[in-house]
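Me: I would like to learn how to read aromatic pairs and nonpolar cores in a protein model. Please give the general idea each time, then the case at hand.

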Amino acid sequence: MIRRTIFFAVVFLKLIPSISLAQEVKPEQQKQKLYKYAEPKRKDFGAHGVFKARTLEFRNQYLTEEKRLWLSEVLYASANYRPYIIAKLKERKMPLYLQYLPIVESNYKPTAVSRSGATGLWQFMANSMSPYLKKNDYYDERLDPWKETDAALSKLQENYKTFKDWNLALAAYNMGAGAVSRILKKHPGKDFWYLAERGLLSKQASDYVPKLIAISDIVENAALYGAIEIGAAKILSESSPTINFSYLKIKGCIKLETISSRTGIPLKTLQFLNPGLKKGCTPPKETYSLRLPYGKSKEVSEKLKKTSK
């Protein structure tokens, strides 16, 4: 708590607009303010619809005291994964505000499961996994935040290629590309806002996009809204180092406990890096790419060979 309080104080100084001392002050000016505050400027983060009525409704909702606390805590929780997501978005030249989509989807919880069965950080349904992800009795790649991130970004890119519009691509991610295509056939050339405001999209999809834009606006313009705690959480989570790892191909079934005991890698580390393994072991009758701490694949391979003899 003390560390976080100190961090908030430091970040506060970074977030508030620059302060400049006034030049030499004459005695008759002593009662005037000695500091000049530059008004914070709104950051354009690339989304279309920041000032649409539904977006503003969600923005006001998320700026309440309760929701501001919730949003800052979710941003803290994103620290393990957001740096990776940001790097992948840059690599693919996709809008960076998509890094906040897992807030809408799962509160950035990689183990989240919805009532309808959508699973993981990006909430893939079982029937929408192919060809991006796989699952069987031994693993579910939706529970792997790194693999599911790659899958989600690929799916969003494909949607964008189809609709040439990020808001429509997002709506398609939520309600299905086929459903959006059928609606557009009846209303050619219309954008997301036209369809949403006339009730032509599902209620969930119509709220999905403005929720994302409202959250993105608040986080990216935290100083503008006086949301210091959100700005602090953003800076802290972004300053977390990207988790780097190596892979080792494992043939057949071997328990993570066994790998830990033979290599000295903590079991919790192996579990954290391989959250898709449902039974704590690699799957039998196939070759599985096990994720390991960066640079450890050769060492682990050698140790496993020695101890298996």
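Me: How many aromatic pairs does a search of the whole structure find?

Reply: Rings of Phe, Tyr and Trp (its six-membered ring) pair if their centres lie within 6.5 Å; planes under 30 degrees apart count as stacked, over 60 as edge-to-face and the rest as tilted. Here the search finds twelve aromatic pairs. This is a predicted model, where local features need pLDDT of at least 70, side-chain atom pairs count only at pLDDT 80 or more, and totals for chains, interfaces and linings use all residues. Residues are numbered from 1 along each chain as its sequence is written, and side-chain values use heavy atoms, with hydrogens and water left out.

Me: Why is the pair of Tyr62 and Trp70 stacked?

Reply: The planes of Tyr62 and Trp70 lie at 25° and the ring centres are 5.8 Å apart, so the pair counts as stacked.

Me: Is Tyr62 buried or exposed?

Reply: Buried means under 20% relative accessible area, exposed over 50%, partly exposed in between (1.4 Å probe, protein chains only). Tyr62 has 6% and is buried, while Trp70, with 24%, is partly exposed.

Me: Which pair is edge-to-face?

Reply: Trp146 and Phe272 form one of this kind, with 5.6 Å from centre to centre and 85° between the planes. The pair links distant parts of the chain, 126 residues apart: Trp146 belongs to helix H6 and Phe272 to helix H13 (residues 267-273). Helices are DSSP runs (H or I, at least four residues), numbered from the N terminus. Trp146 is buried, at 1% relative accessible area; Phe272 is partly exposed, at 30%.

Me: Where does the charged end of Lys67 sit?

Reply: A charge sits over a ring if NZ of Lys or CZ of Arg is within 6 Å of the ring centre and within 35 degrees of the ring normal. The charged end of Lys67 is over the ring of Trp70, 5.2 Å from its centre. Lys190 does likewise over Tyr194, at 4.6 Å.

Me: Which residues touch the most other members of the largest nonpolar core?

Reply: A nonpolar core is a set of buried Ala, Val, Leu, Ile, Met, Phe, Trp, Tyr and Cys residues joined through side-chain atoms within 4.5 Å. In the largest one, of 62 residues, they are Tyr97, Leu98, Trp122, Leu156 and Leu170. Helix H10 (residues 203-220) gives the most to this core, eight residues. Another core, of 14 residues, lies apart from it and includes Tyr139, Leu270, Val300 and Leu304.

Technical notes:
Helices (H or I, at least four residues) and strands (E, at least two) are DSSP runs, numbered from the N terminus.
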